[in-house]
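This note is meant for a colleague who is meeting the structure for the first time. Please read the numbered points below alongside the sequence and the model.

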Amino acid sequence: MDRLAPLSEEPIDEEDAKKASRKDRSWRNWLKIQLQFPLFFPKKSGIKILLAVMGCPLSPVSALPRSPLDVESQGQYIIQQYCAATGCKKMEGRVKSVYAAGKVRMTMVEDAGPLTAQRGCFVMWQMSPDMWLVELVVAGQKVVAGSDGKLAWRHTPWLGVHAAKGGSRPLRRSLQGLDPITVAAVFSPAQFIGEKKMEEEDCFVLKLAADHSVLADRSDSTAETIKHVMFAYFSQRSGFLVYLEDSQLTRIQSPGAQPTYWETTIRSRMEDYRNVEGVMIAHSGHSSVSLTRFGDGVKVNLLVTRMEEVWTIDDVVFNVPGLSVDCFIPPEEVRLTFTDDLLCRSSSNR
């Protein structure tokens, strides 16, 4: 069985890829297409680029098991204040699952201004930070992504199923104020780096970065993830998470070619916190994305593509009837590939 291409948060040449056979969707062919494809994309593929980059991005790291908060740590104190402000401690032991539904508006942005906005909606189910499933439909195109707690995957109608490298991680959309328990779990070990004013809001800043071993698991001989770091801005006034920024840098090089670097930066503002069964949930927000390509192999020294997303949450439900771990089983192709990888690693370690 051919190896599935890894889940990517960078764009690829969808038009060429659609013509390729399943066998040609290997990592090497995927890489070759990406290196040849210019960063300024034709308008007809814009919606696919929007969904590839903003549809289902993941957190830099997995959520760690909750441990007692050390109030002597500034970072832990900020998380403690966040838990108090959102009331998420009320969910612990009481809430087993979460369902959310909302609307999105995605836009490619050029120097002359935004292009036509693409509208859509999404639904999300979650049983733990690393066990989730999301369906997103925008302009008639549907993306499905999920995680069973061990691996993450994504399915698109133009490229089929893709497995993520480096194990399971929380969905970034959950961290955008939608799931306070996941936010607390993910940022509990984060480093406090100071204070900063964000859009007239005085904030405490926490930094979370994937370490070298985690980055190595997401890299191979042709693509190296150099960094993935996330900054969370908590309001000093309300205690809420009001701003989120993460940046991922990847070095891509095929044999005989110059290296190319891709940096994806997503900045999100969370607003409209409302009470849902005693828990404060952000019900709207805005994300801006800059996708930068640079390196010796790029004709222009720096190429940048910009995108925007506006979202609103229509419904949040805790303890979804009938939802079980069986609802998060990955597609068969992903499960078989994951099993093959485990066997290969086991053989190589003997």
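1. Aromatic pairs. In this predicted model, the structure holds 7 aromatic pairs. One of them joins Tyr99 and Trp125, whose ring centres lie 5.9 Å apart; the planes meet at 50 degrees, so the pair is classed as tilted. This pair links distant parts of the chain, with Tyr99 in strand 1 and Trp125 in strand 3 (residues 118-128), 26 residues apart.

2. A stacked pair. The rings of Phe240 and Tyr273 have centres 4.2 Å apart and planes at 15 degrees; planes under 30 degrees apart count as stacked, and therefore this pair is stacked. Phe240 belongs to the loop between strand 10 (223-235) and strand 11, whereas Tyr273 belongs to strand 12, so the pair ties together parts that are 33 residues apart in sequence. Are the two residues buried or exposed? Phe240 counts as buried because its relative accessibility is 14%, and Tyr273 counts as buried because its relative accessibility is 15%.

3. Tyr82, Phe187 and Phe234 form one aromatic cluster. Phe187 is also among the buried residues of helix 6, together with Pro180, Thr182, Val183, Ala184, Ala185 and Val186. Why is helix 6 (residues 180-187) described as largely enclosed by the rest of the structure? It is so described because 7 of its 8 residues are buried.

4. Salt bridges. Side chains of opposite charge can pair when their charged atoms come close. The count for this model comes to 12 salt bridges. Among them is the one between Glu277 and Arg94, with the closest N and O atoms 3.9 Å apart. Here too distant parts of the chain are linked: Glu277 is in the loop between strand 12 (260-276) and strand 13 (279-294), and Arg94 is in the loop between helix 4 (74-86) and strand 1 (98-110), 183 residues apart. Arg94 counts as partly exposed, at 36% relative accessibility.

5. A salt bridge between two strands. Glu245 forms a salt bridge with Arg267, and their closest N and O atoms are 3.7 Å apart. Glu245 lies in strand 11 (residues 241-252) and Arg267 in strand 12, so the pair ties together parts that are 22 residues apart in sequence. Glu245 counts as buried at 17% relative accessibility, whereas Arg267, with a relative accessible area of 30%, is partly exposed.

6. A salt-bridge network. Glu199, Arg269 and Glu271 are linked in a network of salt bridges. Within this group, Glu271 and Arg269 form a salt bridge whose closest N and O atoms are 3.9 Å apart. Arg269 counts as buried at 14% relative accessibility, while Glu271 is partly exposed, with a relative accessible area of 39%.

7. The surroundings of Met54. Met54 lies in helix 3 (residues 46-54) and counts as buried, at 5% relative accessibility. Which residues does Met54 contact, leaving aside its neighbours within four places in sequence? They are Met106, Arg173, Val289, Met307, Glu308 and Glu309. The C-alpha atoms of Met54 and Ile266 are separated by 8.5 Å, although these residues are 212 residues apart along the chain.

8. A charge over a ring. Arg173, one of the contacts of Met54, has its charged end over the ring of Phe122, 4.9 Å from the ring centre.

Note on methods
Residues numbered from 1 in each chain as written. Predicted model: local features only at pLDDT ≥ 70, side-chain atom pairs only at ≥ 80, totals over all residues. Heavy atoms only, no water. Buried < 20%, exposed > 50% of the residue type's maximum accessible area, 1.4 Å probe, protein only. Helix = DSSP H or I, 4+ residues; strand = E, 2+ residues; numbered from the N terminus. Salt bridge = Lys/Arg side-chain N within 4 Å of Asp/Glu carboxyl O. Phe/Tyr/Trp six-rings, centres within 6.5 Å; stacked < 30°, edge-to-face > 60°. Lys NZ or Arg CZ within 6 Å of the ring centre and 35° of its normal. Contact = heavy atoms within 4.5 Å.
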